[in-house]
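My notes follow in the order I took them.

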Amino acid sequence: MAGRMRTYGKWVSAIALIGLAGVILVGVFQAQIATALLVWIVDARVGRDTTATLPDGLHVALCGTGSPLPDPTRAGPCSVVIAGKRLFVVDIGEGGARTIVAMGLPIGRIEGVFLTHFHSDHIDGLGPLMLQSWIASSATSPLPVHGPTGVEAVVAGFDAAYATDWGYRTAHHGGGVAPPGGAGAVAVPFVVPQGNARQVVYRQDGLTITAFCVDHGPVRPAVGYRFDYKGRSVVFSGDTGPSASLVAAAKGADLLVHEALQPHLVGLLTTALERNHRYNLAQVTRDIRNYHTTPEQAADAAKAAGVKRLVLNHIVPPLPLRFAYPAFLGDSAHHFAGPITVGEDGMLFSLPAGTATISQSKLE
């Protein structure tokens with residue numbers, strides 16, 4: 001027994017010495033080790049194209065599922081739609097462009113942006129997207145930004161704000177990398193359809209994008225979009241209260257990506273703000289409850305439209321912990337029998353052509 005204990009002690013001592021030596025080596029060669037790790041990470045991530053192996057069909061990548069309220073886990077509202085090999089963006093909130101790149105989506109191949117409305121949190125990532133998509137592809141024409149009438153002023157404002165920067169980029173990197181004619185964006189306005197009417201705002205290569213009016217008053221105009229491609233369909237609500245027009249537009253769709261606000265949790269946030277004398281922000285959290293949709297109401301819309309799956313985005317209040325998801329969802333499962341997903345940045349939903357399947361994965 002004593003012999004075994006001595007042997008055991010020797011092994012422990014040896015392991016401790018090896019560990020100590022490892023710590024010393026890491027300390028001495030930390031810069032070299034860190035450099036090698038960074039090179040490995042760069043080689044693994046730079047130039048990734050996570051769309052390369054996707055089957056033909058529709059795919060939705062969530063590049064921002066947050067709101068104006070700070071959430072360290074979520075960028076502002078942003079979704080990428082992949083139709084075959086073509087990429088489009090629906091809304092572009094703060095941090096959306098960074099998330100697109102982090103997800104390995106080829107930002108230089110984005111062909112257009114579709115804005116649902118002009119609230120700041122849905123447009124404040126447009127500048128970085130314009131810049132990164134221009135440089136990534138050496139674009140020779142501006143990025144098309146589609147939206148209701150009024151989008152012209154939004155685009156003109158971003159173009160004006162970034163004009164000086166574009167000159168720096170071209171002067172520094174040259175016209176081959178930053179062609180002067182490709183900087184910025186160009187507005188593509190359309191008139192908002194009224195009532196339950198719908199309007200085709202884009203049709204090309206088998207992809208049809210339809211706009212419809214939603215109720216986000218006093219914010220007007222406000223629209224949602226439906227994407228149809230090779231028998232698969234995805235609908236985006238934009239910001240809205242319960243809207244019959246959305247239900248009509250989403251009839252029979254495969255996937256509904258719908259905003260959601262949980263009033264009970266927002267009420268707790270209001271109380272906390274008042275307790276800490278943040279009265280202006282407390283008033284904002286009271287006001288926002290009357291022009292958004294609860295998870296239960298989003299579930300009602302999904303059921304009424306007969307969609308196959310519901311994904312919630314524009315999450316209010318912030319939910320940095322998945323542990324809080326049941327509190328956020330409330331009674332949603334009793335309103336819609338299909339799958340309900342609380343959206344997270346990096347999620348990818350794939351709808352291959354010629355199938356009825358909807359698969360979910362994560363791009364990181």
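I started at Ile41, which lies in helix α2 (residues 30-45). Helices here are DSSP runs of H or I with at least four residues, strands are E runs of at least two, and both are numbered from the N terminus. I noted that this is a predicted model, where local features need pLDDT of at least 70, side-chain atom pairs count only at pLDDT 80 or more, and totals for chains, interfaces and linings use all residues. Residues are numbered from 1 along each chain as its sequence is written, and side-chain values use heavy atoms, with hydrogens and water left out.

Buried means under 20% relative accessible area, exposed means over 50%, and partly exposed is in between (1.4 Å probe, protein chains only).

Areas come from the Shrake-Rupley method with a 1.4 Å probe; for residues, only the protein chains shown count as cover.

**Whole protein**

I counted 11 helices and 15 strands. The C-alpha trace spans about 90 × 55 × 55 Å along its principal axes. Of the 364 residues, 49% count as buried. The accessible surface comes to about 16,900 Å², and 63% of it belongs to carbon and sulfur atoms. I also looked at contacts (heavy atoms within 4.5 Å). Among those between residues at least 6 apart in sequence, 67% join residues at least 24 apart.

**The sheet of 8 strands**

I traced an open sheet in the order β6-β5-β4-β3-β2-β1-β14-β15, with mixed pairing. Its edge strands are β6 (185-190) and β15 (359-362), each pairing on one side only. The twist averages 25 degrees from one strand to the next. Two strands pair if DSSP finds at least two bridges between them.

Next I checked β2 (residues 78-83) and β3 (residues 86-92), which run antiparallel and are joined by 6 bridges. They form a hairpin with 2 residues between the strands. Gly84 in the turn has a positive phi of about 65 degrees. Cys78 stands opposite Ile92 in β3, and Ser79 stands opposite Val90.

How many residues of β3 are buried? I got 7 of the 7, so β3 is largely enclosed by the rest of the structure. On to β4 (residues 110-114): β3 pairs with it in the parallel sense over 4 bridges. There, Phe88 has Gly112 in β4 as its bridge partner.

I then found helix α6 (residues 151-173) lying across β5 (143-148) and β6, at about 170 degrees to β6. Axes are lines fitted to C-alpha atoms, for helices over the stretch in contact, and angles run from 0 to 180 degrees between N-to-C directions.

**The sheet of 7 strands**

Another open sheet has the order β7-β8-β9-β10-β11-β12-β13, again with mixed pairing. β7 (198-204) and β13 (340-342) are its edge strands. Here the twist averages 20 degrees from one strand to the next. β7 and β8 (residues 207-213) run antiparallel, joined by 6 bridges. I logged Ala211 in β8 as the bridge partner of Gln199.
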